[in-house]
Every structure is written in structure tokens, then in C-alpha cells.
Amino acid sequence: MKRWVRWGIAAVCLALFEISGAQFCRYWQESHQSEAMYEKFSQAVYLPESSTQESEAISWPEVDFAALRENSPHIEGWLTCEGTAIHYPVVHGEDNDYYLTHLPDGSYNPGGSLFLDCRAADFSDAHSIIYGHYMKNGTMFAALTEYKEQRFYEQHPRMLLVTPEDRFIVELFSGYVASVDEEAWRLEFSSTKEWGQWLEETKERSIFQSEVQPALQDKVLTLSTCSYEFENARFVVHGILVG
């Protein structure tokens with residue numbers, strides 16, 4: 001009897017090992033697929049080296065959108081944050097679900113893409129939002145959660161957003177943990193007063209301290225990813241678009 005028990009336990013362990021092996025293999029394949037595609041897309045982007053003589057000079061990415069759109073017609077921009085893994089195309093779908101599980105070229109991948117909220121036409125609205133997964137391997141929007149530390153903000157106080165028509169410095173002014181039922185993702189405001197109150201409350205909630213103060217006439221870009229302090233927690237970073 002004990003022998004059959006031992007065999008049963010061994011069989012269960014072997015099955016679990018096979019399942020774990022299959023899951024690891026699938027994860028590796030999906031990670032490799034995502035890495036290869038983004039590497040291919042990055043070949044259409046030239047990122048100049050930072051000037052050592054002019055520390056404040058901006059090294060703007062030179063993006064060949066025509067080449068990128070041959071493989072992904074939904075690309076609306078390119079977002080980069082120097083010194084981090086954030087260096088990706090931004091796509092714009094018909095809903096906020098598709099690109100959660102698809103790469104910019106349309107292939108299925110759980111890592112998904114960085115994508116603009118479907119409610120926005122482009123980055124010309126007063127408030128626009130880019131979503132991206134928090135990936136444990138440090139890719140996509142994993143670096144956003146580093147803004148929970150003041151030192152990280154001081155090292156990376158801005159990002160760069162390039163579109164086919166414009167280029168923007170994203171001057172970050174706030175970052176905090178929020179629940180999905182809060183107003184961090186609000187796009188419509190009935191009055192200038194409401195918009196001003198939202199900006200003030202957003203600034204006050206920030207974990208890091210920033211001298212950037214958003215004004216009523218500013219356009220705000222919100223970057224959103226998962227966080228794990230509680231169920232349905234998100235970490236959001238807000239910045240003003242300076243063209």
C-alpha cells in the first residue's frame with residue numbers, strides 16, 4: 001500500500017513539474033517574442049547620445065513613423081525615459097482591451113503594448129492617458145513604480161514623447177497609488193473650476209516632491225500601471241506636456 005502511495009506522490013510531483021516546465025517555456029517564448037518585436041521597432045528610432053557639455057540639452061529620439069506604421073498602423077507616438085527601460089511605441093486602439101494582450105504588430109502576447117486611452121483622439125486633449133503593464137522582468141511600465149522614491153524622481157524628472165506631428169517634454173509633477181474607482185483617469189470636466197480642482201488634488205497626492213506646478217492651460221499626460229498594495233491598485237504618474 002505504501003508503495004502505491006509513493007508512486008502516486010511521485011506521479012503528482014512529475015505532473016506538477018511538467019506543468020511548471022510548460023508554463024516556464026511559454027513565458028520564455030512570450031518574453032522572447034516581445035523582446036524581438038520591440039527590438040525590431042527600435043531600429044526605426046535613432047536615440048542620440050546625451051551631450052556631456054550641455055547637461056540640459058535634450059537628446060530627442062528621431063522616429064521614422066512611416067517605417068513603424070508599415071507594421072503597426074495604430075502607432076501614435078514614441079515614449080522614452082532616459083536611463084530606464086521605458087523606450088516604446090505608443091499605440092491607439094478602438095478600445096482599452098485589445099492592446100492589453102497584443103503587441104503593436106497585432107500578435108497576441110500577454111505583455112501587451114503601451115496604449116493611449118481610446119477615449120482620446122490624440123495627445124491634443126487637456127488630459128490623455130497611456131496604459132502599460134507592470135512586468136516583473138522590468139520591461140514595459142515597471143519603472144513607473146520606482147517613482148515611489150524621491151531619489152528616482154530626481155534622477156528622472158521628465159520623459160520625452162514624440163508624435164508624427166509634435167514632440168513634447170513630459171515634465172512630471174505627481175505620482176501616487178490609486179484605486180481604479182478614483183478620478184486619476186477622469187477625462188471630462190464640466191468647468192474650468194473642476195479641472196483646476198482636479199489638478200490641485202492630483203498635485204497634493206504625490207509621493208514625490210516636484211517643483212513643477214500644473215496650470216489650467218496645461219495639457220496633462222497620465223501614465224498608468226498596476227501596483228499591488230491592495231486589490232485593483234494602480235500607480236499613476238502625471239506630467240505636463242511641454243511642446
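This is a predicted model: local features need pLDDT of at least 70, side-chain atom pairs count only at pLDDT 80 or more; totals for chains, interfaces and linings use all residues.
Residues are numbered from 1 along each chain as its sequence is written, and side-chain values use heavy atoms, with hydrogens and water left out.

The protein contains 4 helices and 10 strands; helices (H or I, at least four residues) and strands (E, at least two) are DSSP runs, numbered from the N terminus. Along the sequence, these elements follow the pattern α-β-β-α-β-β-β-β-α-β-β-α-β-β. Among contacts (heavy atoms within 4.5 Å) between residues at least 6 apart in sequence, 59% join residues at least 24 apart.

Of the 243 residues, 43% count as buried. Buried denotes under 20% relative accessible area, exposed over 50%, and partly exposed in between, with a 1.4 Å probe and protein chains only. The protein exposes about 13800 Å², of which carbon and sulfur atoms supply 51%; accessible areas come from the Shrake-Rupley method with a 1.4 Å probe, and for residues only the protein chains shown count as cover.

The largest nonpolar core comprises 64 residues. Such a core is a set of buried Ala, Val, Leu, Ile, Met, Phe, Trp, Tyr and Cys residues joined through side-chain atoms within 4.5 Å. The residues with the most contacts inside this core are Leu79, Ile130, Leu144, Tyr147 and Met159. Strand 8 (residues 167-179) provides the largest share of the core, 8 residues. When neighbours within four places in sequence are left aside, the contacts of Leu144 include Ile86, Met159, Leu223 and Phe235.

Most residues other than glycine have a negative phi. Met140, although not a glycine, has a positive phi of about 55°. This residue is found in the loop between strand 6 (127-131) and helix 3 (150-155), and Met140 counts as buried because its relative accessibility is 2%. Asn232, also not a glycine, has a positive phi of about 60° and lies in the loop between strand 9 (220-226) and strand 10 (233-242). At 40% relative accessibility, Asn232 counts as partly exposed.

Gln209 lies in the loop between helix 4 (192-204) and strand 9 and, at 57% relative accessibility, counts as exposed. Not counting residues up to four places away in sequence, Gln209 touches Gln150 and Tyr153. The C-alpha atoms of Gln209 and Ser174 are separated by 7.6 Å, although these residues are 35 residues apart along the chain.
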